[in-house]
Amino acid sequence: MSENNLKTHLRYYGISPWEIEVMYSYLNPRFVISQEEIEPEDEEFVSFLDWYIPLDFNEEFFKWFEFKRWEQIKAVFKEMKRRRGSGNAIKIKINFLGNPKITFVLDTEEKQWYDNSIEKIDFVLELLPYHLNPEKIPSDVSELIYKFDPKAIRWRLNFAISNEKKYVFNGDKWSLVS
């Protein structure tokens, strides 16, 4: 992977300058960073961070980004939750802009499950070939959205977007939403 001119984008509200600075220090060696402070979009959350990574979600990304750096980013996310307490305090979206785009939505209320969700993001790598099996997903999927299920204590496929149609995953099958 080329390290030259890869651009990552951070959109956020309710995130402290210190938290952004720490994120910046970990991302800067790998990316050109653009950031955008936005108006609150979701009244359920005090803080929101939307991180766009211009790469595929795969093992190559983690090797290139480096395990230690990924662990540091996870620690920042956990600290953000700790500083805000339980409840709907913070929502983080991590968007890998590959093909298909893979998005992780971290919005678990309980800190223990929130921390657990952060720890298990890279575990999804093992399930990805199964999830991307053409016989198991809608055709021409352009985006998969994962949400952490605190009852099952694991990441689950939540939505798929294909040809401007949105599908929801319930139980063991996909259903058209719109």
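A residue is called buried here if its relative accessible area is under 20%, exposed if over 50%, and partly exposed in between (1.4 Å probe, protein chains only). Helices (H or I, at least four residues) and strands (E, at least two) are DSSP runs, numbered from the N terminus. The structure is a predicted model, in which local features need pLDDT of at least 70 and side-chain atom pairs count only at pLDDT 80 or more, while totals for chains, interfaces and linings use all residues. Residues are numbered from 1 along each chain as its sequence is written, and side-chain values use heavy atoms, with hydrogens and water left out.

With these terms, helix H5 (residues 124-131) can be read residue by residue. Val124, Leu125, Leu128 and His131 are its buried residues. They lie on the same side of H5 because they cover an arc of only 105° around the axis, the arc being that of the directions from the helix axis to the C-beta atoms. Glu126 and Pro129 are exposed, on the face of H5 turned away from the buried side. The cover over the buried residues of H5 includes helix H2 (59-65) and the strands E5 (101-106), E6 (141-149) and E7 (154-162). Contact means heavy atoms within 4.5 Å.

Helix H1 (residues 17-27) can be read in the same way. Its buried residues are Glu19, Ile20, Val22, Met23 and Leu27. These cover an arc of only 160° around the axis, which puts them on the same side of H1. Pro17 and Glu21, on the other side of H1, are exposed. Among the elements that cover the buried residues of H1 are E1, E2, strand E3 (47-53), H2 and helix H3 (67-84).

The protein as a whole has five helices and nine strands. From the N terminus on, they follow the order β-α-β-β-α-α-β-β-α-α-β-β-β-β. Nine strands form an open sheet of mixed pairing, in the order E2-E1-E3-E4-E5-E6-E7-E8-E9. Its edge strands, E2 (32-37) and E9 (173-176), each pair on one side only. Two strands count as paired if DSSP finds at least two bridges between them. Strands of a sheet pair through backbone hydrogen bonds, either parallel or antiparallel.

E1 (residues 7-13) and E2 run parallel and are joined by six bridges. Thr8 has Ile33 in E2 as its bridge partner, and Arg11 has Glu36 in E2. E1 is mostly covered, with five of its seven residues buried.

Strand E6 holds Lys147. Lys147 is partly exposed, with a relative accessible area of 29%. Not counting residues up to four places away in sequence, Lys147 touches Val105, Asp107, Arg154, Trp155, Arg156 and Asn158. Lys147 and Asp56 are 91 residues apart in sequence and 18 Å apart in space, C-alpha to C-alpha.

Some totals complete the picture. Of the 178 residues, 46% count as buried. Among contacts with a separation of 6 or more, 63% are between residues 24 or more positions apart. The C-alpha trace spans about 45 × 40 × 30 Å along its principal axes. A compact globule of 178 residues would have a radius of gyration near 16 Å, and the protein agrees with 16 Å; the radius is taken over C-alpha atoms, and the globule rule is 2.2 Å times the number of residues to the power 0.38.
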